[in-house]
Structure formats: C-alpha cells, structure tokens
Amino acid sequence: MIELQDLQVRLDQHVTLDIEHLQIMSGESVAIVGRNGAGKTTLFKALTGFVPITAGRVTVLGNSWGAVAPLVPLLRARQLRCLRAHIGLLWQALPLVNQLSVIENVMLGALARSDALPKWRSYLRWYPESLRERAWSALEAVGLQDYAHERADRLSGGERQKVAFARLSLQHAKLILADEPTSALDPQATQVICQLLRTLAKDSGQVPATLITIVHQPSLLPVLADRVIALEQGKVAFDRSIADVSVADLEAVYEQSLSSDASDGPSDGTSHRTSHESSEQNPVSVNREPVALSTQLS
Amino acid sequence: MSSPHDRILSPVGGMLRPVRLSRTTIWLGGYLSLVALCLWALILAGDFSFGRNPWQQLWQSMVELSRPSFLDIWFGDQALTYRSDDGAVLRVENRQALEWSFLTAVGRATWVTFQIATLGSALAAIAAWPLGMLSANNLQSPIWLRLLAKLILDVSRSIHTLVFGLILVGIVGLGPMAGILAIAAHSLGTYGKLYAESIESLDMAAVDAVRATGADPLQVFCTAIWPTVFPQIIGHHLYVWEFNIRDSTILGLIGAGGLGLLISEAVSLFQWKRLATILLVVVVLVTSFDALSKRLRKGLR
C-alpha cells in the first residue's frame with residue numbers, strides 16, 4: 001500500500017529524510033511522532049508529491065515514483081489527480097477558501113467524485129441536493145451546522161479545523177494523512193475529532209482506509225493508532241505497535257519528561273471508555289507518574 | 001551586505017565627526033538632487049520661461065472662459081446683426097437657437113465619448129484576462145509565455161492612447177471605432193497588470209487544498225480562484241473605466257470622434273466661450289461617473 005525504499009529527501013543541502021525501508025499496509029492506523037524538524041511533515045509531502053525526492057523510491061496506492069530531475073512532473077497530470085483524489089489531507093497549512101461559505105467549503109471535498117458531483121455542476125458551483133445534505137450532516141457531526149452559511153473567514157482557528165475535517169469526510173479517501181489535526185482545538189473537541197477520524201477510517205468501504213497521523217499529544221496515541229513510528233532527524237527511531245511503546249520511549253523522542261504533558265480530567269475518562277470498546281488489550285492514559293504504557297490495566 | 005547606516009563625515013566645531021544617515025535620508029537626498037538637476041538643466045537651456053505677459057494672458061483667458069456659451073441660450077441676442085464697414089447687413093444670427101444647437105451637438109458628442117470609453121474598457125477587460133493569468137507568477141505558466149504576456153502588457157501600457165489612436169485612424173478610418181480600439185489597446189496593459197496582481201495575492205494554500213482533493217484545473221479555478229478574484233476584478237474595472245472616460249474626451253483631437261473633436265474646433269477657431277461650455281460638460285461627466293463608481297465600489301465591500 002505504502003512502501004518507501006531507500007528514501008532520501010534533501011532540502012537546501014540538508015538531508016531531511018533518510019529511510020531505508022518502511023511499509024504500511026492498507027487499513028492500518030499509524031501515528032508518527034517526533035520533534036519539530038524531525039522530518040514528519042516532509043514525509044507527508046514526499047508521499048503526496050509536494051516535495052521531490054532525491055533518492056530512493058516511493059510507492060503509494062499503486063503509483064510508484066523515484067527521484068526525478070527538477071521541472072519534470074512526477075506523474076502524468078491525470079494520474080496525479082486520481083492519486084490525490086484517493087488521498088485525504090488534513091493539514092494545518094491547507095486552509096479553507098475564504099470567500100466561500102462553510103458548507104460550500106465542505107462540499108469541495110467531493111470535487112473529484114464525479115458520481116456524487118458531476119463535473120459540469122461543479123464548474124457552475126450548482127451542487128446536488130444529496131451532496132448538500134451529506135455536507136450538512138458532516139457539519140452536524142462536528143457541531144458546526146449553525147455556521148453552514150457563514151463565510152469561511154469568519155470562523156476561529158479551531159472551527160476551521162473542524163470544517164476541514166468535515167471536508168475530508170466527503171472525500172471518501174483510501175489514505176488519510178492528518179498533520180496535527182487538532183492543534184487548535186480544546187481537549188474536548190480534540191477527543192471528538194480524533195474519534196471521528198478513527199471512525200471515518202474504519203467505516204470507509206469494504207477495506208478500512210489507511211490512517212497516518214502526526215501526533216504530539218501522547219494521550220491521543222491510543223485513539224488514533226495501532227502502530228507508532230518515531231522519527232528523529234529524518235531517520236526512523238522506532239516502529240512498534242502501540243502495545244510495545246512505553247512512556248520512556250516517547251520521552252526519549254521528545255527529550256523531555258512527559259509527566260507535565262498529562263491531559264485534563266474529562267479526556268482521561270473518555271479514553272478509558274474508548275479503549276474498553278476498542279480491540280486493544282492495553283488501555284492507555286497518561287497520568288501523573290511516568291509508567292510504562294503497556295502496563296496500564298483496568 | 002551593505003550596512004543600513006552610512007557614515008558621512010561632517011565638520012562640526014572644527015572637527016570631523018561621523019554622522020549616521022539612514023537609508024531613507026539617502027534616498028530623499030538623492031531624489032531632491034535629481035529634481036534640482038532637472039530644474040537647473042531647464043534653466044540652462046533657456047526653457048524656464050512663461051512667455052510674454054503671462055499674467056495678462058492668463059487674465060484674458062480667464063475672462064473669456066468665465067462666460068460659457070450656453071448662457072446665450074437664455075440671454076443671447078435673438079437677432080445679432082453683422083454689418084460690414086459701410087452699414088450693409090451681412091448676416092443675422094439667432095444666438096439662442098445657435099447655442100442651443102451647439103449644446104445638443106455637445107450632448108451627442110458626450111454620448112459618443114461615453115460609448116468609446118465603455119466599449120473600449122469592456123473589450124480590454126475581457127482581452128486582458130488571459131494575458132493577466134499568463135503573466136501572474138503563481139499559476140505555473142510556462143516561462144516563455146509568461147514573459148511574452150508581460151511584454152505585451154508593458155508595451156500596451158507604455159504607448160499612450162492618443163498614439164494608438166493616431167495609428168488606428170490610419171487603419172480603420174476616422175470615427176469612434178478607432179477611439180474604441182485605441183482605448184482598448186492602452187488599457188489592456190493596465191487591466192492585465194491589475195489582474196496579475198489580484199491573482200498573485202491569492203492564498204495559494206487554499207487553492208492547493210482544493211487541488212489536493214483531486215480536482216481538475218477547471219474545478220480549481222471555478223471554486224477557489226474565481227470567487228476570490230471576481231470582486232477585485234469589478235473594482236479594477238470601475239477604476240480603469242473611469243480613467244478611460246477621461247481619456248476618451250480628448251481622443252476626438254485626432255479624429256476618433258466625441259468631445260475631442262469639438263474641443264479641437266473651438267480651440268482652432270478661438271471660440272473660448274464654447275470651449276468653456278465643453279469643458280464644463282467634461283467636468284460634469286467625469287465627476288458624476290467618479291461619484292457613481294465610488295458608490296458602486298463601496299457597495300462591493
């Protein structure tokens with residue numbers, strides 16, 4: 001599904017990514033952790049063709065490319081569009097279109113789905129009623145249905161992140177790349193969105209979508225992922241299933257004590273409940289004392 | 001590499017002390033020196049002159065222009081008689097009727113001027129759109145096309161409307177059509193530059209977000225680019241249209257129809273009173289269009 005072979009990405013003479021081999025199968029939920037500058041965003045950009053690779057090979061959803069000369073397109077335009085239609089991005093740096101209403105911004109997620117939105121209607125911005133209803137329910141799921149007809153630039157940062165999520169849910173992507181999707185949200189909203197994200201990946205079609213999230217809050221790891229990959233200065237520091245990841249490992253990655261990063265009360269309770277419902281054997285929550293993540297049993 | 005402060009030695013109290021001058025001061029000093037140089041060269045060439053009796057000439061012109069001819073519609077002599085030296089009647093004029101017909105001619109010319117401005121602006125607004133898109137830096141157009149578009153727009157902006165008009169009168173003949181094409185040819189450059197600036201000020205991240213959903217280029221344009229850029233385009237169009245109204249008033253000087261022709265006639269025949277009438281009409285036309293366009297642009301926000 002995703003395979004990186006001897007991948008090297010160099011930006012401005014500085015090697016930003018250097019991965020010998022990485023493979024992610026369809027339907028997996030992976031979390032990427034690491035300090036700022038470790039190469040997490042570069043990895044996402046390399047997977048989506050936003051950044052050229054200097055060496056090695058990338059294979060995503062059946063499309064494969066290697067290092068190419070500058071100005072040479074990576075893939076043929078139509079192939080690239082098709083690939084992008086199947087990859088859903090939830091990045092901080094990709095905002096909404098300010099002049100359009102919130103609900104129209106949500107409906108833009110379906111632009112590539114010509115079954116739900118015929119091309120000629122998208123050129124005229126005359127959206128079908130079924131799509132509009134679908135967008136409305138997506139907004140309801142994140143609690144923003146009252147803002148449906150507001151201009152997108154009237155929303156706060158957190159609300160815009162929620163709208164971006166609603167847009168993603170209309171895209172029916174096979175691979176979801178989320179880069180700190182909840183950074184502007186309060187703890188309660190964070191939990192809601194992370195849950196929704198996980199559900200979106202699981203419930204999408206016959207094969208669950210692959211979900212790769214860049215996370216900074218350890219408390220979100222069990223909600224979002226079964227497998228944790230840590231990046232350090234462009235290289236993979238460790239790549240383990242979540243059961244095998246201890247607080248000490250994470251502390252080593254971030255080089256600071258995580259006891260001060262404990263999330264607040266309500267989310268602790270929620271994560272207990274969700275971890276009961278999930279198939280994981282080891283429910284996790286970060287409390288005041290640093291304990292190995294895998295030894296938390298209820 | 002260069003330090004923002006330049007040191008200049010200045011004599012203070014007999015000693016030389018370094019004085020720090022900011023970059024702004026340097027630029028200002030340079031500009032003033034340039035102006036002084038131009039003035040000095042003008043004087044040196046003997047061109048700094050206002051002619052003979054400038055104040056008297058000015059006063060005379062003011063007096064002539066202060067009595068616009070249209071007043072004669074009400075106050076004119078209905079039977080102005082021209083007599084020769086020995087008393088024979090040469091001609092009788094009804095000043096009121098004459099001035100009334102002149103005023104209607106001015107009205108018709110104003111309408112032609114307005115047509116020239118409107119049609120020329122509309123033509124340029126449409127034709128400049130592809131050039132503006134090609135010359136914008138952030139739409140990834142091929143470099144040679146971008147430079148070609150920029151060249152066309154620069155040439156169009158550099159050559160004055162009147163010059164285009166002179167050339168076009170030789171091609172399409174006298175009349176408003178030459179005026180329309182001349183206005184279009186010159187404002188093409190302005191429209192193109194304004195369009196390119198609007199496109200360059202687009203939030204490309206938002207456009208990329210739409211592109212990232214797998215949308216095709218036309219979809220990206222219709223949903224992310226056009227709705228953002230369109231209100232700005234309306235503002236640009238009103239601005240250039242207003243400029244063209246002013247520009248069109250003198251196109252008649254070179255035979256392209258409209259008020260310019262009447263101005264040219266009045267000046268050639270030394271009919272200052274009629275010139276006063278025409279100038280008043282021009283002022284009314286431009287200021288009323290200006291007020292209208294301001295109101296429309298306020299409504300846009």
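Predicted model: local features only at pLDDT ≥ 70, side-chain atom pairs only at ≥ 80, totals over all residues.
Trainee: How many helices and strands does chain A have?

Mentor: Start with the chain as a whole. Of its 298 residues, 43% count as buried. Among contacts between residues at least 6 apart in sequence, 67% join residues at least 24 apart. The count for chain A is 10 helices and 10 strands.

Trainee: In the open sheet of four strands in chain A, which are the edge strands?

Mentor: Read the order across the sheet: β2-β1-β4-β5 of chain A, with antiparallel pairing. Neighbouring strands are turned by 20° against each other on average, direction ignored. An edge strand pairs on one side only, and in chain A that picks out β2 (14–24) and β5 (63–66).

Trainee: Which residue is the bridge partner of A:Glu3 in β4(A)?

Mentor: Look at the two strands involved. β1 (residues 2–11) and β4 (residues 55–60) of chain A pair in the antiparallel sense, over five bridges. Within β4(A), the partner of A:Glu3 is A:Thr59.

Trainee: Does A:Leu7 count as buried or exposed?

Mentor: A:Leu7 sits in strand β1 of chain A. Leaving out residues up to four places away in sequence, A:Leu7 touches A:Leu17, A:Ile19, A:Ala46, A:Ile53, A:Gly56 and A:Val58. The cut-off for burial is 20 or more other C-beta atoms within 10 Å. A:Leu7 has 24 C-beta neighbours inside 10 Å, so the class is buried.

Trainee: What separates the C-alpha atoms of A:Leu7 and A:Thr54?

Mentor: Along the chain, A:Leu7 and A:Thr54 are 47 residues apart.

Trainee: Which residue in β8(A) stands opposite A:Ala31?

Mentor: This is another parallel pair. β3(A) and β8 (residues 210–214) of chain A are joined over four bridges. The residue opposite A:Ala31 is A:Thr213.

Trainee: Within what arc do the buried residues of α9(A) fall?

Mentor: In helix α9 (residues 247–254) of chain A, A:Val247, A:Leu250 and A:Val253 are buried. Seen down the axis of α9(A), the buried residues line one face of the helix, because they fall within an arc of 120°.

Trainee: Which elements are included in what covers those buried residues of α9(A)?

Mentor: The cover comes from strands of chain A, among others. Included are β3 (29–34), β9 (227–232) and β10 (235–241).

Trainee: Which residues have the most contacts inside the largest nonpolar core?

Mentor: That core has 89 residues. Another core lies apart from it, with 48 residues, among them B:Ile116, B:Leu134, B:Leu259 and B:Val282. In the largest core, the residues with the most contacts are A:Val106, A:Ile176 and B:Val210.

Trainee: Which element gives the most to the side of chain B that touches chain A?

Mentor: The contact takes 18 residues from chain B and 21 residues from chain A. On the chain B side, α8 (204–211) and α9 (217–251) of chain B each give two or more residues. By class, that side has 10 nonpolar, five polar and three charged residues. With seven residues, the element that gives the most is α9(B).

Conventions
Residues numbered from 1 in each chain as written. Chains lettered and ligands numbered in written order. Contact = placed C-beta atoms within 7 Å. Nonpolar A, V, L, I, M, F, W, Y, C, P; charged D, E, K, R; others polar. Pairing = 2+ DSSP bridges. Axes fitted to C-alpha atoms, helices over the stretch in contact; angles between N-to-C directions. Core = buried A, V, L, I, M, F, W, Y, C linked by C-beta atoms within 7 Å. Buried ≥ 20, exposed ≤ 12 C-beta atoms within 10 Å, placed from the backbone. Arc of directions from axis to C-beta.
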